[in-house]
Amino acid sequence: MILKNFDHPSESRVFPKGKFELVEIGGMTIGRATYEPGWKWSEHIGAEMGVSKCDVEHVGLVISGRATAAMSDGNIIEMKAGDLFYIPPGHDSWVVGDEPYVSLHFLGAADYATK
């Protein structure tokens with residue numbers, strides 16, 4: 001048996017207005033995204049990588065706050081606490097409102113915010 005938590009992540013990826021922490025357990029890499037109000041993927045991660053859209057596929061759960069995900073084709077969703085989400089590659093995302101956004105990522109965490 002193994003017990004881990006995000007108080008001691010395996011890795012932390014820190015960027016302006018946010019961080020993405022990873023825990024490796026049971027052959028999986030699970031991520032926790034924490035973004036401040038005003039965070040936007042294309043500005044705070046994509047710009048540094050030289051791309052405008054996230055090319056990672058995500059399956060996750062929103063813990064707190066709200067965020068929007070927008071696909072290149074114009075499809076937009078707003079996620080809030082308690083929502084389970086699937087977001088395919090080719091999207092932008094940003095925090096909505098004045099509350100920090102926190103989500104867990106069960107698919108795509110290992111490749112997120114890497115060059």
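This briefing covers the cavity, the aromatic contacts and the strand pairing of one structure. The structure is a predicted model, in which local features need pLDDT of at least 70, side-chain atom pairs count only at pLDDT 80 or more, and totals for chains, interfaces and linings use all residues. Residues are numbered from 1 along each chain as its sequence is written, and side-chain values use heavy atoms, with hydrogens and water left out. Strands are DSSP runs of E with at least two residues, numbered from the N terminus.

**Cavity**

- Searching the whole structure gives one cavity of 30 Å³ or more. A cavity here is a set of points, on a 1 Å grid over the protein atoms alone, where a 1.4 Å probe fits but cannot get out.
- The largest cavity holds about 120 Å³ of space; grid points are joined across faces, edges and corners, and a volume is the space filled by probe spheres set on the points.
- The largest cavity is lined by 15 residues, and Y35, H58, S93, H105 and Y112 are the closest to its centre. Lining residues have an atom within 4 Å of a point.
- At least two lining residues come from each of β7 (84-87), β8 (91-96) and β9 (101-107), and β9 gives the most, with three.
- The lining has ten nonpolar, five polar and no charged residues. Ala, Val, Leu, Ile, Met, Phe, Trp, Tyr, Cys and Pro count as nonpolar, Asp, Glu, Lys and Arg as charged, and the others, Gly among them, as polar.

**Aromatic contacts**

- The whole structure has four aromatic pairs. Rings of Phe, Tyr and Trp (its six-membered ring) pair if their centres lie within 6.5 Å; planes under 30 degrees apart count as stacked, over 60 as edge-to-face and the rest as tilted.
- F15 and Y35 make a tilted pair, because their ring centres are 6.2 Å apart and their planes are at 40°. F15 belongs to strand β1 (residues 11-15) and Y35 to strand β3 (residues 28-35), so this pair ties together parts 20 residues apart in sequence.
- F15 is buried, with a relative accessible area of 11%, and Y35 is buried at 4%. Buried means under 20% relative accessible area, exposed over 50%, and partly exposed in between (1.4 Å probe, protein chains only).
- Y35 also pairs with Y101 in a stacked arrangement, with 6.0 Å centre to centre and 10° between the planes. Y101 lies in strand β9 and Y35 in β3, so the pair ties together parts 66 residues apart in sequence. Y101 is buried, at 3% relative accessibility.
- One aromatic cluster is formed by F15, Y35, W39 and Y101.
- K40 has its charged end over the ring of W94, 5.1 Å from the ring centre. A charge sits over a ring if NZ of Lys or CZ of Arg is within 6 Å of the ring centre and within 35 degrees of the ring normal.

**Strands**

- Strand β4 (residues 58-64) pairs with β7 in the antiparallel sense over four bridges, and H58 stands opposite I87 in β7. Two strands pair if DSSP finds at least two bridges between them.
- Strand β5 (residues 66-71) and β8 run antiparallel and are joined by six bridges, with A70 opposite D92 in β8.
- Five of the six residues of β8 are buried, so β8 is largely enclosed by the rest of the structure.

Methods: 1 Å grid on protein atoms, 1.4 Å probe; cavity = no way out; pocket = protein on both sides within 12 Å on 5 of 7 lines; lining within 4 Å.
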